[in-house]
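Please view the sequence and the model together before reading on.

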Amino acid sequence: AECGVVVDHATLNRWIVKLTPELSLEAQKQKRQTGSSWRMDETYVKVKGKWSYLCRAFAREGKAVDFMLCVKRDGKSARRFFKKAIAQNGSPEKVAIDKIGANLVAL
């Protein structure tokens with residue numbers, strides 16, 4: 001609007017859907033290497049009125065490695081979280097987890 005160009009909100013939405021994955025890949029390329037020791041935890045949060053699990057992993061320095069929202073707290077979702085985090089950040093030497101069996105099975 002500032003430049004005098006009229007764009008429909010649906011067009012903006014299509015651009016966001018199309019360009020967000022590309023921006024995400026570029027951001028991952030620019031990301032610095034995380035530490036070799038991770039701490040993983042899960043918490044229960046309400047998102048749009050429904051309860052979900054927020055899985056998070058942090059490096060020793062406190063830098064966030066990755067996060068994921070999931071409906072179930074089982075081995076399948078834990079495995080999916082670790083696959084994503086390791087693919088984007090490399091394998092850690094140590095991972096500190098709580099005593100949930102799903103996390104141990106996933107590792």
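The points below cover the salt bridges and the strand pairing.

The model is predicted: local features need pLDDT of at least 70, side-chain atom pairs count only at pLDDT 80 or more, and totals for chains, interfaces and linings use all residues. Residues are numbered from 1 along each chain as its sequence is written, and side-chain values use heavy atoms, with hydrogens and water left out.

**Salt bridges**

- The structure holds three salt bridges, each defined as a side-chain nitrogen of Lys or Arg within 4 Å of a carboxyl oxygen of Asp or Glu.
- R56 and D41 form a salt bridge at 2.9 Å, N to O.
- This pair links distant parts of the chain, with R56 in strand 2 and D41 in strand 1 (residues 37-47), 15 residues apart; strands (E, at least two residues) and helices (H or I, at least four) are DSSP runs, numbered from the N terminus.
- K84 forms a salt bridge with D66, the closest N and O atoms being 3.7 Å apart.
- Here K84 lies in helix 2 and D66 in strand 3, 18 residues apart.
- D66 is buried, with a relative accessible area of 8%, whereas K84 is partly exposed at 36%; buried means under 20%, exposed over 50%, and partly exposed in between (1.4 Å probe, protein chains only).

**Strand pairing**

- Strand 2 (residues 50-59) and strand 3 (residues 64-70) pair in the antiparallel sense over six bridges; pairing requires that DSSP finds at least two bridges between two strands.
- C55 has M68 in strand 3 as its bridge partner.
- Four residues separate strand 2 and strand 3 in a hairpin, and G62 in the turn has a positive phi of about 95°.
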